[in-house]
Amino acid sequence: MAPLKLAVLASGRGSNLLAIIEQIKNGNLQAQINVVISDHEDAPALKKAEEEGITGIFLDPKSFPQRKEYDLALGKLVRQYQGELVVLAGFMRILGEDFLTKFPQRVINIHPALLPSFPGTHGQKQALDYGVKISGCTVHFVDPGVDSGPIIAQCSVPVEEDDTEENLARRILAKEHELYSQVIQWIAEGRVEILGRRVKVHQGQDAELS
């Protein structure tokens, strides 16, 4: 099976990017990262891409008069680098239909809460403030809304009585690193099917990611 070609979009530190790179190196994930694109010039994710010999590109939002022009330029870059799946790894911009229609059902995101609860920023803090006992992370397809696309997979994380936002975020992030690569592998194997709002993952030869 040919590796799935990824385009990773990241605004910050890129810890999920690093986790994906490690799973590819370990042979657990049949994918290759063709390009990493950021909207922040000093994003650590770009530095990490450079260290790994992956093309990293800063696409400056200030160079475009409106979001539409930025989204079109972003789509052009993804196509130029032959990205078959667009993976958002802490990309802090909402992608519009001008981008998403170019890659139908080929853009995924991971969110640090159990959607549809607590979308948007600071999902961990929202969960703590609400007082839930179980939080977690969600991998979903991206639509024009905020964390509102069809859910592919979720992983739960218990909330402890004395949890701080930082402690909860750290434990959720560890689960994110496992779940995101697992979902990308399912997509690489052609096992993920969207049925309206529901996403079905067909049975396959699951290899546990470690």
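The model is predicted: local features need pLDDT of at least 70, side-chain atom pairs count only at pLDDT 80 or more, and totals for chains, interfaces and linings use all residues. Residues are numbered from 1 along each chain as its sequence is written, and side-chain values use heavy atoms, with hydrogens and water left out.

**Overall fold**

- The protein chain has six helices and nine strands. Both are DSSP runs numbered from the N terminus: helices are H or I with at least four residues, strands are E with at least two.
- The radius of gyration is 17 Å, which agrees with the value near 17 Å for a compact globule of 210 residues. This radius is taken over C-alpha atoms, and the globule rule is 2.2 Å times the number of residues to the power 0.38.
- Along the principal axes, the C-alpha atoms fill a box of roughly 45 × 40 × 40 Å.
- Of the 210 residues, 47% count as buried. Buried means under 20% relative accessible area, exposed means over 50%, and partly exposed lies in between (1.4 Å probe, protein chains only).
- The accessible surface comes to about 10,700 Å², and 49% of it belongs to carbon and sulfur atoms. Areas come from the Shrake-Rupley method with a 1.4 Å probe; for residues, only the protein chains shown count as cover.
- Among contacts with a separation of 6 or more, 63% join residues 24 or more positions apart. A contact means heavy atoms within 4.5 Å.

**Annotated binding site**

- An unreviewed UniProt entry lists Gly14, Ser15 and Asn16 under "binding site". UniProt positions are in the numbering used here, feature names are shortened, and annotations may be inferred rather than shown by experiment.
- The lining of the largest pocket includes Gly14, Ser15 and Asn16. On a 1 Å grid over the protein atoms alone, a pocket is an open set of points with protein on both sides within 12 Å along at least five of seven lines, and lining residues have an atom within 4 Å of a point.
- Ser15 is found in helix α1 (residues 15–25). Its relative accessible area is 17%, so Ser15 is buried.
- Leaving out residues up to four places away in sequence, Ser15 touches Lys48, Leu173 and His177.
- Asn16 also lies in helix α1. Asn16 is buried because its relative accessible area is 7%.
- With the sequence neighbours up to four places away not counted, Asn16 touches Ala89, Ile110, Leu173, Glu176, His177 and Tyr180.

**Salt bridges**

- The count comes to seven salt bridges. A salt bridge is a side-chain nitrogen of Lys or Arg within 4 Å of a carboxyl oxygen of Asp or Glu.
- Arg67 pairs with Asp71, the closest N and O atoms being 3.9 Å apart. Both lie in helix α3 (residues 67–80), four residues apart, about one turn of the helix.
- Arg67 is partly exposed at 42% relative accessible area, whereas Asp71 is buried at 2%.
- Asp129 pairs with Lys125, with the closest N and O atoms 2.7 Å apart. Both sit in helix α5 (residues 123–130), four residues apart, about one turn of the helix.
- Asp129 is exposed at 55%, and Lys125 is partly exposed at 37%.
- Arg171 and Asp163 form a salt bridge at 2.7 Å, N to O. Both residues are buried.
- Glu22, Lys25 and Glu52 are linked in a network of salt bridges.

How values were computed: On a 1 Å grid over the protein atoms alone, a cavity is a set of points where a 1.4 Å probe fits but cannot get out, and a pocket is an open set with protein on both sides within 12 Å along at least five of seven lines; lining residues have an atom within 4 Å of a point.
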